[in-house]
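Here are some friendly notes to read alongside the model. Take them one at a time, and find each place on the structure as you go.

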Amino acid sequence: MYLPLNSQATVIDILRGIVIQSGNDASKAIAEHMAGSEAGFAKLMNAEAQRLGMTYTQFVNPTGLPDPEHKSSARDLAILARAIIRDSAEYYPIYAEHDFKYNGIKQGNRNALLYTDPTVDGLKTGHTAEAGYCLVTSSKRNDMRLISVILNTHSAQARADHTRTLLGWGFGSFEKAVPIQPGAVVTTAKVSFGKADTVGAVLGAPWMLTVPRGQQVQATVELKPGLEAPVAKGAVVGKVVATSNGKPLGETPLVAQADVERAGLLLRTWQYVAKWFGK
């Protein structure tokens, strides 16, 4: 990024220096600012990686420069990319910017696909002699987003070519599916000791899955056992599990459609007796 020694820069400029220009000086500067040292920032990175479920990742420095203990995997990098897209929407557009000029020096984004594929909007290139030429990419077509990870190729051209092939295969082989429409009552859950005996169970949020193209999706409901009042509207009462050809695709919570107040003492006693004799 060519940060002048002992100078100051805005955080947004440093982020552009990291994302667009791949500046090691920018990475070190933000690490020292946030954690006091590169080693201290690496601890923060590892804690975040653990939180995200990046089980094959160990960070030693913020730059990605080679170290025997510094490692990651294609799957972990895809997990990280997904987190950036979902949780950092305010800053994600930076990954699609073609160039950035700082200290009078203009540098272009090294992600070649940004210039040739309008559906690509990120994410990051990388290169060392040990790791080869690497590229983590995201592309969105017809409301479906895919993330690809290419590692250890022999050139910048090769990582771009492999990425185009992988994305083409992905969009040709998979599609979006909506197993259950938002707002629809999926099932009714039994409630003990409430003013109502049941409550409608609905999706907690819109649910979309990426599935093999042309395959049917089956949805199975699993309710929490022994649900007792009071039950608040929006409380989790179970889940829906989606499968295709016997393979799990994903799951999402079911929540209560309405409040269920706890019944009075007399009604609860009657319900308890009825429940006991109904065994």
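**Notes on the helices, cores and loops**

1. Helices α1 and α2 are oblique to each other, because angles under 35 degrees count as roughly parallel, over 145 as roughly antiparallel, 65 to 115 as roughly perpendicular and the rest as oblique. The angle between α1 (residues 11-19) and α2 (residues 24-35) is about 135°, and their axes lie 8 Å apart. Axes here are lines fitted to C-alpha atoms, for helices over the stretch in contact, and angles run from 0 to 180 degrees between N-to-C directions. Helices (H or I, at least four residues) and strands (E, at least two) are DSSP runs, numbered from the N terminus.

2. Before going on, please keep in mind that this is a predicted model, where local features need pLDDT of at least 70 and side-chain atom pairs count only at pLDDT 80 or more, while totals for chains, interfaces and linings use all residues. Residues are numbered from 1 along each chain as its sequence is written, and side-chain values use heavy atoms, with hydrogens and water left out.

3. The crossing of α1 past α2 is left-handed, a term used if the near helix is turned anticlockwise from the far one by less than a right angle (right-handed if clockwise). On the α1 side, V11, I14, G17 and I18 make the contact, and on the α2 side A26, S27, A29 and I30 do; contact means heavy atoms within 4.5 Å. Sorted by class, this contact has 6 nonpolar residues, 2 polar ones and no charged ones. For these classes, Ala, Val, Leu, Ile, Met, Phe, Trp, Tyr, Cys and Pro count as nonpolar, Asp, Glu, Lys and Arg as charged, and the others, Gly among them, as polar.

4. Which residues of α1 are buried? They are I14, G17 and V19, where buried means under 20% relative accessible area, exposed over 50%, and partly exposed in between (1.4 Å probe, protein chains only). The buried residues of α1 pack against α2, and also against β1 (99-102) and β3 (120-128).

5. Now compare the next helix pair. Helix α3 (residues 38-52) packs with α2 at an angle of about 80°, with the axes 8 Å apart. That makes α2 roughly perpendicular to α3. From α2, the residues in contact are K28, A31, E32, M34 and A35; from α3, they are E38, G40, F41 and L44. By class, 5 of the residues in this contact are nonpolar, 1 is polar and 3 are charged.

6. The largest nonpolar core has 19 residues, and V191, W207, V231 and V237 touch the most other members. A nonpolar core is a set of buried Ala, Val, Leu, Ile, Met, Phe, Trp, Tyr and Cys residues joined through side-chain atoms within 4.5 Å. Strands β8 (198-203), β9 (209-212), β11 (236-244) and β12 (247-256) each supply at least two residues of this core. A second, separate core has 17 residues, including M1, Y95, F100 and L123.

7. Take a closer look at W207. Apart from neighbours within four places in sequence, its contacts include A177, V178, P179 and I180, as well as V240, V241 and A242. G250, E251 and T252 are also among the contacts of W207.

8. For N6, phi is near 65°; N6 sits in the segment before α1 and is exposed, with a relative accessible area of 76%. For S22, phi is near 55°; S22 lies in the loop between α1 and α2 and is partly exposed at 27% relative accessibility.

9. Finally, visit A235, in the loop between β10 (218-223) and β11. A235 is partly exposed, with a relative accessible area of 28%. Not counting residues up to four places away in sequence, A235 touches L254, V255 and A256.
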